[in-house]
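I opened my notebook to look up a few things in one structure. Here are my entries, in the order I made them.

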Amino acid sequence: GDFRLCMDALLDGAVCFPRPSAPLHRHRWARKMRRVALEGVPFAGVVVTWDAVVDVVIFIEALVIAAETSFVLSLHGGGEFDEHRLAPGSAWFAIGFVVAALFALEVSAKVAVLGASLYWYRKALQHRFDVFAVSSRAALEIAFLFPAVPAALGMRTLLLWRLIRAWRLMRYVRPFHQLWTVLTRLAPAYWQMGYLLFLVFYVYATFGEQVFGGLIYTTNPHLEGSDYQKGQYWALTFNDFASGIMTLFVLTVVNNWYVIADAFHRVTGTAW
């Protein structure tokens with residue numbers, strides 16, 4: 001009865017048991033901020049949520065980056081890409097840097113208001129993606145302040161990274177949202193199948209290395225005139241473990257399996 005219900009909840013990864021509220025939440029203003037983060041605030045007859053406001057800011061920034069790329073960085077709307085206009089010290093770099101700082105402040109505030117445990121497990125995929133996107137962008141923005149980094153990575157990298165958080169807007173596109181929901185729910189099954197497939201590959205690659213290792217090499221006279229030689233399939237062998245895994249993958253997708261089978265038939269002299 002109750003014990004089984006508790007065990008089911010304990011073993012369910014989707015159930016979150018947040019730690020007790022931090023001392024910050026004892027303050028009245030902090031409790032209000034927590035309520036805003038969880039429930040939103042009513043405005044003009046609708047409830048405006050924290051995430052909705054952030055999504056609007058992300059959408060506006062994406063539009064600005066698109067306009068910046070088309071009409072500022074690309075001269076005359078289609079000319080050569082001018083990275084110097086985005087270099088540290090320029091107005092466009094300063095704007096992106098300030099937005100990155102605001103995003104970092106927003107995520108930090110949300111973590112402080114909700115608590116690290118509740119933030120990490122409530123809307124787990126979105127929140128973890130936000131932490132990755134915001135923290136990596138902030139680190140990249142700071143790194144680009146050093147002269148050697150822009151020359152090594154190029155300003156295009158920074159421009160693309162500023163758009164990475166816009167991926168969360170895909171949830172408003174219903175087909176993408178439905179597809180993502182299905183994929184995330186099937187992910188545990190995919191993981192188990194992939195794990196099982198790796199174990200099977202491991203066993204057969206080890207066995208193949210012991211039986212067929214060293215039989216295929218570029219100067220083997222038995223392979224003269226074979227499709228294996230003509231196709232330059234020399235990487236598909238069992239001479240080492242990595243090659244064996246690759247060979248098994250090719251055989252799994254049934255890519256010219258008869259060419260590989262013919263090569264092993266030639267070098268072993270038997271169909272078995």
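**Entry 1: the elements.** I began with what counts as an element: helices are DSSP runs of H or I with at least four residues, and strands are runs of E with at least two. The model is predicted, and I kept that in mind throughout. I looked up the secondary structure and found twelve helices and two strands. I then wrote down their order from the N terminus: α-α-β-β-α-α-α-α-α-α-α-α-α-α.

**Entry 2: the whole protein.** I checked burial next. Of the 272 residues in the protein, 29% are buried. I also looked at contacts between residues at least 6 apart in sequence. Among these, 63% join residues at least 24 apart.

**Entry 3: two helices.** Two packed helices are described by the angle between their axes and the distance between the axes. I picked α3 (residues 50-73) and α4 (residues 91-114). Their axes come within 12 Å and cross at roughly 165°. How do the two helices run relative to each other, parallel or antiparallel? An angle over 145 degrees counts as roughly antiparallel, and α3 and α4 are therefore roughly antiparallel to each other. I noted the crossing of α3 past α4 as left-handed.

I listed the residues that meet. From α3 they include Trp-50, Val-54, Ile-58 and Val-72. From α4 they include Trp-92, Val-99, Phe-103 and Ala-109. Charged residues take part too: the contact of α3 with α4 has ten nonpolar, no polar and five charged residues.

**Entry 4: aromatic rings.** I searched the whole structure and found ten aromatic pairs. One of them is Phe-132 with Trp-161. The pair is edge-to-face, with 6.2 Å centre to centre and 70° between the planes. Phe-132 lies in α6 (residues 124-143) and Trp-161 in α8 (residues 155-161), so the pair ties together parts 29 residues apart in sequence. Phe-132 is partly exposed, at 44% relative accessible area. Trp-161 is partly exposed as well, at 27%.

I looked up another pair, Phe-212 with Phe-264. This pair is edge-to-face, at 5.2 Å centre to centre and 65° between the planes. Phe-212 lies in α9 (residues 174-212) and Phe-264 in α12 (residues 257-268), so the pair ties together parts 52 residues apart in sequence.

Is Phe-264 buried or exposed? Phe-264 is buried, with a relative accessible area of 9%. Phe-212 is at 22% and counts as partly exposed, because buried means under 20%.

Conventions:
Residues are numbered from 1 along each chain as its sequence is written. This is a predicted model: local features need pLDDT of at least 70, side-chain atom pairs count only at pLDDT 80 or more; totals for chains, interfaces and linings use all residues. Side-chain values use heavy atoms; hydrogens and water are left out. Axes are lines fitted to C-alpha atoms, for helices over the stretch in contact, and angles run from 0 to 180 degrees between N-to-C directions. Angles under 35 degrees count as roughly parallel, over 145 as roughly antiparallel, 65 to 115 as roughly perpendicular and the rest as oblique. A crossing is left-handed if the near helix is turned anticlockwise from the far one by less than a right angle, and right-handed if clockwise. Contact means heavy atoms within 4.5 Å. Ala, Val, Leu, Ile, Met, Phe, Trp, Tyr, Cys and Pro count as nonpolar, Asp, Glu, Lys and Arg as charged, and the others, Gly among them, as polar. Rings of Phe, Tyr and Trp (its six-membered ring) pair if their centres lie within 6.5 Å; planes under 30 degrees apart count as stacked, over 60 as edge-to-face and the rest as tilted. Buried means under 20% relative accessible area, exposed over 50%, partly exposed in between (1.4 Å probe, protein chains only).
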